[in-house]
Amino acid sequence: MLTSALLIIVGFILLIKGADFLVYGASSVAKKFHIPEIIIGLTIVSIGTSLPELFVSLASELNGSSDMVIGNVIGSNLNNLLLILGLSTTIRPVKFQRETRLIENPICIIITAIFIMFCNTSGEISKYEALILIIVFILFIIYTIIMSKKGEQFDKEDTTIKEDTTTDAQTEIQHFSIVKSLLAIFLGAIALKIGGDLTVKNATSIARMINISEKIISLTILAIGTSLPELVTGITATIRGSSDIAIGNIIGSNIFNILLIIGISGLISPITYNFTYNTQIGVLLFATILLSLFSVIPPKNEMSRLNGVLYLIIYIIYTVFLFIT
């Protein structure tokens, strides 16, 4: 158990440094190619920080543990919203860009609703349904490419957001060469992958030593462990003033978790759905809808510290409920 604990610490260190590299590299690429940071957050950063979920889910599906796949995705998405975005916005309020309010938030709600429908229609995610998710994932990538060309102009049309969000850290990032930026992204993603694997594998090992059920492991330890990259990346980006990356990473990761991870896992073999997850998946839909409401209720166009605290309270209630039921 001592060895597992030490390896978890090593995993944390890799996650922190990996997130650091990834945020700097992605921000630098955004500046050099005049790509909106929200698009970088929705693609490069989201895919990089979703690697632990992807590899854990694929391994679970190959081992015949569908509960682990479903629980990992639901738990990770809940952690992304309630814990990570909650913590990030208590540190610094996050501004909603126009495209986030009008496009990405509704897309996330629709995809979550489709996921719920697929789970509850036949008690499994079939290969046909998994293929639909993959097709939607490809369409979402096409959308991000289009927005990378039109996103800045789209956001400029929003007269409600006028503040200059350029920070000293962002100005410093602009001086990174393209080679250093891409190297930082690559090394950051690798460190996140290794760190996530070390943390999850050893945390799961400790959990099984003390006889925690597979469902609880997937919804808590696995979900928190595979969400650590998003946690560290989100907080790092928020502290450095890159709020677009913080919220873009959360939304992008949640979309990728459902479309890409469930899609690929379901193509390997149908994913059996345990209906006892309906409570958790209902909380996920509620939290996703709540994020959209935060952008239209006062203070408009901003997720305030109070909103972040509300998310954290919901997260605490949700976690306590898991262990008492």
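The chat below walks through a predicted model.

Student: What should I know about the model and its numbering before starting?
Tutor: This is a predicted model; local features need pLDDT of at least 70, side-chain atom pairs count only at pLDDT 80 or more, and totals for chains, interfaces and linings use all residues. Residues are numbered from 1 along each chain as its sequence is written, and side-chain values use heavy atoms, with hydrogens and water left out.

Student: Fine. How many helices and strands are in the chain?
Tutor: Eleven helices and four strands. These are DSSP runs numbered from the N terminus: helices are H or I with at least four residues, strands are E with at least two.

Student: What share of the residues counts as buried?
Tutor: 57% of the 325 residues. Buried means under 20% relative accessible area, exposed means over 50%, and partly exposed is in between (1.4 Å probe, protein chains only).

Student: Which residues form the nonpolar patch on the surface?
Tutor: L131, I135, I138, L139, I142, I146 and L267, with about 590 Å² of accessible area together. Patches take residues with over 30% relative accessible area and no salt bridge; like charges are joined within 9 Å, and nonpolar side chains (Val, Leu, Ile, Met, Phe, Trp, Tyr) within 5 Å.

Student: Which helix gives the most to it?
Tutor: Helix α5, residues 127-156, with six residues. L139 lies in that helix.

Student: Is L139 buried or exposed, and why?
Tutor: L139 counts as exposed because its relative accessibility is 51%.

Student: Switching to the inside. Which residues have the most contacts in the largest nonpolar core?
Tutor: I70, F115, I262, L291 and Y311, in a core of 63 residues. A nonpolar core is a set of buried Ala, Val, Leu, Ile, Met, Phe, Trp, Tyr and Cys residues joined through side-chain atoms within 4.5 Å. There is also a second, separate core of six residues, with V56, M68, I217 and L222 among them.

Student: What is L291 in contact with?
Tutor: Leaving aside neighbours within four places in sequence, L291 is in contact with L81, L85, F96, N105, I251, M303 and Y311. Contact means heavy atoms within 4.5 Å.

Student: What about T288?
Tutor: T288 lies in helix α10, residues 278-294. T288 counts as buried because its relative accessibility is 3%. Beyond neighbours within four places in sequence, T288 is in contact with L81, C108, I109 and T112.

Student: How many salt bridges does the structure hold?
Tutor: One. The cut-off is a side-chain nitrogen of Lys or Arg within 4 Å of a carboxyl oxygen of Asp or Glu.

Student: Which residues form it?
Tutor: K95 and E302, with the closest N and O atoms 3.1 Å apart. The pair links distant parts of the chain: K95 is in strand β1 (residues 94-95), E302 is in strand β4 (residues 302-303), and they are 207 residues apart. Side chains of opposite charge can pair when their charged atoms come close.

Student: Are those two buried or exposed?
Tutor: K95 is partly exposed, at 22% relative accessible area. E302 counts as buried, at 17%.

Student: Where is G195, and what does it touch?
Tutor: G195 lies in helix α7, residues 178-209. At 0% relative accessibility, G195 counts as buried. G195 touches G11, L14 and L15, not counting residues up to four places away in sequence. The C-alpha atoms of G195 and L7 are separated by 9.1 Å, and the two residues are 188 apart along the chain.

Student: One more. What about T220?
Tutor: T220 lies in helix α8, residues 214-239. T220 is buried, with a relative accessible area of 9%. Past neighbours within four places in sequence, T220 is in contact with G225, L322 and F323.

Technical notes:
Accessible areas come from the Shrake-Rupley method with a 1.4 Å probe; for residues, only the protein chains shown count as cover.
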